Amino acid sequence: MAKKKLDKEADKATSSPGKIAAYFKNETIHFVIGLMLVIFSVYLLLAFSSFFFTGAADQSIIDSGNPADLAVVDNHVKNYAGSRGAQLASYLINDCFGVSSFFILVFLAVAGLKLMRVRIVRLWKWFIGCTLLLVWFSVFFGFAFMDHYQDSFLYLGGMHGYNVSRWLISQVGVPGVWMLLLITAICFFIYISARTVVWLRKLFALNFLKRKQKEEASVSSAEEKPEFTTSQPQEVEFNLKRTYKQTPPTSAIEVKDEEPEDDSFLYRSESETASVSPTTNEDEVTMVFEPVASNTTIASTKDSGNECEPGFNVESAPEEEEYQGPELEPYNPTKDLENYRFPTIDLMKHFENDDPTIDMDEQNANKDRIINTLRSFGIEISTIKATVGPTVTLYEITPEQGVRISKIRGLEDDIALSLSADGIRIIAPIPGKGTIGIEVPNKNPKMVSGQSVIGSKKFQESKFDLPIVLGKTITNEVFMFDLCKMPHVLVAGATGQGKSVGLNAIITSLLYKKHPAELKFVLVDPKKVEFSIYSVIENHFLAKLPDGGEPIITDVTKVVQTLNSVCVEMDTRYDLLKMAHVRNVKEYNDKFINRRLNPEKGHKFMPYIVVVIDEFGDLIMTAGKEVELPIARIAQLARAVGIHMIIATQRPTTNIITGTIKANFPARIAFRVSAMMDSRTILDRPGANRLIGKGDMLFLQGADPVRVQCAFIDTPEVEEITKFISRQQSYPTPFFLPEFVSEDSGSDVGDIDMGRLDPLFEDAARLVVIHQQGSTSLIQRKFAIGYNRAGRIMDQLEKAGIVGPTQGSKARDVLCMDENDLGMRLNNLQ
């Protein structure tokens with residue numbers, strides 16, 4: 001007994017430090033401590049603020065240093081925080097750091113909020129920032145107000161700032177102290193944001209540009225006139241462009257010279273004009289683009305020298321958007337990258353034993369256990385058949401007459417107990433058959449490799465528009481579908497059950513079958529690590545906003561803007577379909593390839609756009625309705641214009657997958673989930689909770705789900721595929737989505753106050769005139785400013801008559817011909 005008592009006491013002694021540590025790790029304790037810190041910071045704020053008004057009256061009492069005088073009730077202290085608050089304020093402000101002591105309050109409040117689980121990130125960065133600001137402002141105020149320390153009760157820099165500044169002056173002098181303060185301030189701003197360096201460079205560049213413009217303006221007008229006289233050929237060419245814009249027919253050379261905002265159209269027009277050499281005569285150019293003009297008319301125009309006006313008085317094109325000229329070879333959208341090679345199968349890993357093997361001992365044992373279990377509940381069966389798959393075996397049983405199917409369905413757990421297996425699923429009955437299916441996991445499952453399904457004959461010879469191969473079914477058949485017919489896919493499953501691998505299989509399938517001119521991806525990855533391996537094929541396959549950001553969208557605000565931009569692209573495509581009198585993107589592209597649509601009227605080849613969103617639940621939690629609204633619009637309308645969406649989430653709950661989302665995503669992929677309610681949310685039925693994981697999934701499109709073992713495509717395989725693509729010739733830029741201007745991002749042009757122009761207004765005007773491109777994204781990139789500010793500058797340029805009104809996804813027309821015209825307009829504004 002004595003020994004046991006000693007052991008208990010020893011256990012208590014050893015466990016007491018652990019209990020103390022666990023006590024301080026308690027979230028409730030953290031919340032209480034954080035609340036106390038916040039309240040204490042508010043108390044100090046009251047004491048500091050009151051010190052500015054009552055410090056002079058309380059100075060004699062506090063400086064007396066007699067604790068008894070401060071402890072009495074009638075101590076005559078005027079500070080709102082009492083005598084102790086007055087002491088703290090006097091000590092921290094006068095004796096320590098001066099007014100910069102307010103940064104101590106800031107850090108205490110931030111630390112308290114962090115302990116209270118308020119969303120405060122990087123507490124260490126707050127600590128470093130507040131400490132640096134505390135010291136810097138103390139030295140600054142101590143140095144700037146050094147001569148006033150004897151005349152005031154308040155030391156703005158505190159004794160710390162006063163003493164440090166005196167020592168610095170003795171070492172480096174007054175100019176040296178100013179230089180040190182400036183350098184440390186710049187270093188601090190660089191520590192806060194690396195864009196400080198970019199801002200400084202822009203500042204120096206703008207000063208240099210203004211100085212250079214002043215030097216050029218000092219040149220006499222006599223020297224300017226010969227310059228415009230020598231540029232006569234350019235002036236003639238510009239006048240020709242304006243004539244082309246006013247009449248329907250145009251030449252391929254004009255399309256090549258223009259710089260539209262939609263870079264995808266630039267690619268297409270380059271491929272088309274590549275067939276017309278620079279030495280091509282005007283007759284050949286007219287055959288491409290002019291619908292009615294005859295060769296003799298153009299020949300006479302060519303002989304007439306500068307009298308080119310009659311050559312443009314031709315009949316307008318018919319309203320049905322079709323050419324009336326001679327037959328031409330079909331347009332080839334892949335001509336820009338005609339040497340592009342599709343990824344090869346040997347880039348993926350090869351597994352020797354990936355075909356399922358039949359273990360007759362296991363099959364016979366499972367058959368006997370199923371028969372005996374059903375017989376023990378009074379259910380007799382007439383036949384039983386086994387179909388062995390990669391990871392699951394399907395047993396088809398035919399019950400005797402008079403047996404209720406619901407009775408067999410209720411024995412799911414009993415059969416799983418007798419087979420000692422997890423993931424038993426009963427299909428009662430199997431659609432199209434008079435049998436009942438029992439799916440039992442194999443003891444030795446086989447992995448389905450990506451090479452076995454992508455290299456299969458079924459996938460390689462498929463004629464689908466957007467073929468996607470997922471894996472193999474229970475019958476060991478390659479399972480694939482056409483994304484165009486889905487048209488959107490919802491993927492759900494618990495963490496670690498194969499969602500990311502499934503998304504890799506979907507993307508890889510499309511990379512193996514589609515040319516970069518035919519397909520673009522919009523990849524949204526809130527986790528920032530899942531899709532980063534696809535960033536190397538940015539200029540081949542990815543689409544993004546024209547703001548020079550990351551190719552993989554990770555920021556929530558960028559996600560909302562990108563999805564709204566996809567909606568703008570969708571609306572633009574519908575307008576083009578309406579003009580072409582077709583119903584879907586396939587008919588439209590066929591018409592464009594056969595040269596029955598005029599590119600000069602905005603028509604272009606439309607690649608498919610696939611939007612892939614990982615961790616959709618995180619986006620809903622952070623952005624809410626701002627994300628759900630454009631997704632619902634895309635899901636409802638975008639099918640006909642070739643825009644498809646695949647979203648994945650690990651939280652298939654009703655507040656994440658709402659009724660609007662489910663109604664517009666008929667195709668659903670369910671990996672293993674933890675609860676039956678999650679399975680009902682994603683599939684409208686149980687079953688996903690009975691899967692075995694590791695890529696085991698149910699694909700639902702229509703009435704009944706299909707069980708599929710997802711192909712395993714590892715990250716190194718995807719890296720090899722993307723490296724193979726990235727080493728080939730690419731487009732100069734990614735596929736730029738049209739700009740989206742929200743309702744609150746700018747005001748109406750008529751409400752703009754031209755008396756309060758942006759400081760960059762004149763520089764932006766010159767930039768637009770030089771490039772002859774009225775693009776908001778151009779201003780945003782060149783001056784490194786935000787989108788809203790660039791939009792306001794563009795509205796001011798429109799109000800000033802420098803650019804024309806917006807034209808959807810196209811660039812605005814520039815109304816100023818040259819810098820002389822711009823200078824006249826700017827002088828009129830002043």
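Author: Let's begin with Asp-758, which is buried, at a relative accessible area of 16%. Here buried means under 20% relative accessible area, exposed means over 50%, and partly exposed lies in between, with a 1.4 Å probe and only protein chains counted. Please keep in mind that this is a predicted model, in which local features need pLDDT of at least 70 and side-chain atom pairs count only at pLDDT 80 or more, while totals for chains, interfaces and linings use all residues. Residues are numbered from 1 along each chain as its sequence is written, and side-chain values use heavy atoms, leaving out hydrogens and water.

The partner of Asp-758 is Arg-789: the two form a salt bridge, with their closest N and O atoms 3.0 Å apart. A salt bridge is counted when a side-chain nitrogen of Lys or Arg is within 4 Å of a carboxyl oxygen of Asp or Glu. This pair links distant parts of the chain, 31 residues apart, with Asp-758 in the loop between β15 (735-736) and α29 (761-771) and Arg-789 in helix α31 (residues 787-799). Those labels come from DSSP runs numbered from the N terminus: helices are H or I with at least four residues, and strands are E with at least two.

Next, step into α29 itself. Both Glu-762 and Arg-766 belong to this helix, four residues apart, or about one turn. An α-helix has 3.6 residues a turn, so residues three or four places apart point the same way. The side chains of Glu-762 and Arg-766 meet in a salt bridge at 3.8 Å, N to O. Glu-762 is partly exposed, with a relative accessible area of 32%, and Arg-766 is partly exposed too, at 24%.

Some salt bridges share partners, and in this way Arg-425, Glu-439, Asp-696 and Arg-707 are joined into one network.

One more pair is worth a visit. Lys-527 and Glu-530 bring their side chains together in a salt bridge of 3.2 Å, N to O. Lys-527 is partly exposed at 36% relative accessibility, and Glu-530 also counts as partly exposed, at 23%.

To put these pairs in context, a search of the whole structure finds 22 salt bridges.
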